[in-house]
Amino acid sequence: FSNVAPKYDIMNDAMSFGIQRLWKNKMIETLFTELQIKNHQPNLLKILDVASGTGDIALKIAKNLSQENQSYQIEATDINQEMLKIGVAKAVDENLFKNINFTCCSGENLPFQDASFDAVTIAFGIRNFTNINNTLAEFNRVLKPNGKLICLEFSKVNDYFLQKIYNFYSFKIIPKIGEIIAKDRASYQYLVESIRKFLPQEEFKKMIDGANFQESRFINLSFGTVAIHIATK
């Protein structure tokens, strides 16, 4: 991820033809629905964004909360300092830095107190953790009672023929795009392999349930190419 950090945002758009923006917008819409954010609330809303990378989700959440006149604090964390540096620069450029803290740390060992956050968000990051069970346990630990977990991740396409097309595009085209734009084929070969190895929607839901979350469910997007997983502490 350090190698591809400067081109990371461009590659996300190139690989998905811009659809990743719609997926992330739907994720944030789901977060706001779960937190019942409609009008200004007097309480400070605290959100933890894990595997934040270049801060895309954290910044989108911050913009939307600012528009709702909601007081908030966002902790954006990632294990990769080079990715976070880009997130910090973007936050400064967009005048959102005062409400977002950027911390380099592992999602499996978060430096936050128990029951600190109203919500934990993670987009396209959970499959990269060495021990997903430990990571989910950490998310549960730092969430307040009734806090929300919102996880956006690649999943399994439901249609057989679409899956064939998707596999061809993933393994034949995406690494080539990475080679051309990011000058790094190997990183994007890893990307598509990590997607293939990740759990199907129902199996990941069971893993979330096993981490003592309640009311877990998922929403498929783009025929199951990605899914939004939702759960309550």
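1. In this note, buried means under 20% relative accessible area, exposed means over 50%, and partly exposed lies in between, with a 1.4 Å probe and protein chains only. The model discussed here is predicted, so local features need pLDDT of at least 70 and side-chain atom pairs count only at pLDDT 80 or more, while totals for chains, interfaces and linings use all residues. Residues are numbered from 1 along each chain as its sequence is written, and side-chain values use heavy atoms, with hydrogens and water left out.

2. The sheet. Helices (H or I, at least four residues) and strands (E, at least two) are DSSP runs numbered from the N terminus, and two strands are taken to pair if DSSP finds at least two bridges between them. On that basis 7 strands form an open sheet of mixed pairing, in the order 3-2-1-4-5-7-6. Strand 3 (100-104) and strand 6 (214-221) are the edge strands, each pairing on one side only. From one strand to the next the twist averages 15°, where axes are lines fitted to C-alpha atoms (for helices over the stretch in contact) and angles run from 0 to 180 degrees between N-to-C directions.

3. Parallel pairs around strand 4. Strand 1 (residues 45-50) pairs with strand 2 (residues 72-78) in the parallel sense over 5 bridges, and in that pairing Asp 49 has Ala 76 of strand 2 as its bridge partner. Strand 1 also pairs with strand 4 in the parallel sense, over 4 bridges, with Ile 47 standing opposite Ala 119 of strand 4. Strand 4 in turn pairs with strand 5 (residues 143-154), again in the parallel sense, over 6 bridges, and the bridge partner of Val 120 in strand 5 is Leu 149. Because 7 of the 7 residues of strand 4 are buried, this strand is largely enclosed by the rest of the structure.

4. Gly 125 sits in the loop between strand 4 (117-123) and helix 5 (132-142), and it is buried at 4% relative accessibility. Its C-alpha atom is separated by 8.7 Å from that of Cys 151, although the two residues are 26 residues apart along the chain.

5. Salt bridges. With a salt bridge taken as a side-chain nitrogen of Lys or Arg within 4 Å of a carboxyl oxygen of Asp or Glu, a search of the whole structure finds 11 salt bridges. One of them joins Glu 34 to Arg 217, with the closest N and O atoms 2.5 Å apart; this pair links distant parts of the chain, Glu 34 being in helix 2 (residues 19-35) and Arg 217 in strand 6, 183 residues apart. Glu 34 is buried at a relative accessible area of 17%, whereas Arg 217 is partly exposed at 37%.

6. Two further salt bridges. Asp 114 and Arg 141 form a salt bridge whose closest N and O atoms are 2.7 Å apart; Asp 114 lies in the loop between strand 3 and strand 4 and Arg 141 in helix 5, so the pair ties together parts that are 27 residues apart in sequence. Asp 114 counts as exposed at 52% relative accessibility, and Arg 141 counts as partly exposed at 23%. Glu 153 and Arg 127 form another salt bridge, with the closest N and O atoms 2.7 Å apart; because Glu 153 lies in strand 5 and Arg 127 in the loop between strand 4 and helix 5, the pair ties together parts that are 26 residues apart in sequence. Both ends are buried, Glu 153 at a relative accessible area of 0% and Arg 127 at 10%. Salt bridges that share partners also join Glu 34, Lys 148 and Arg 217 into one network.

7. Cysteines. With a disulfide defined as a pair of cysteine sulfur atoms within 2.5 Å, the structure holds 0 disulfides. Cys 104 is in no disulfide, and its nearest cysteine sulfur, that of Cys 105, is 7.1 Å away, which is too far for a bond. Cys 104 is partly exposed at a relative accessible area of 37%, while Cys 105 is buried at 12%.

8. Backbone points to inspect. Asn 212, in the loop between helix 8 (201-210) and strand 6, has a phi near 70°, a positive value in a residue other than glycine. Glu 215, placed in strand 6, likewise has a positive phi, near 55°. Asn 212 is exposed at 58%, and Glu 215 counts as exposed at 58% relative accessibility.
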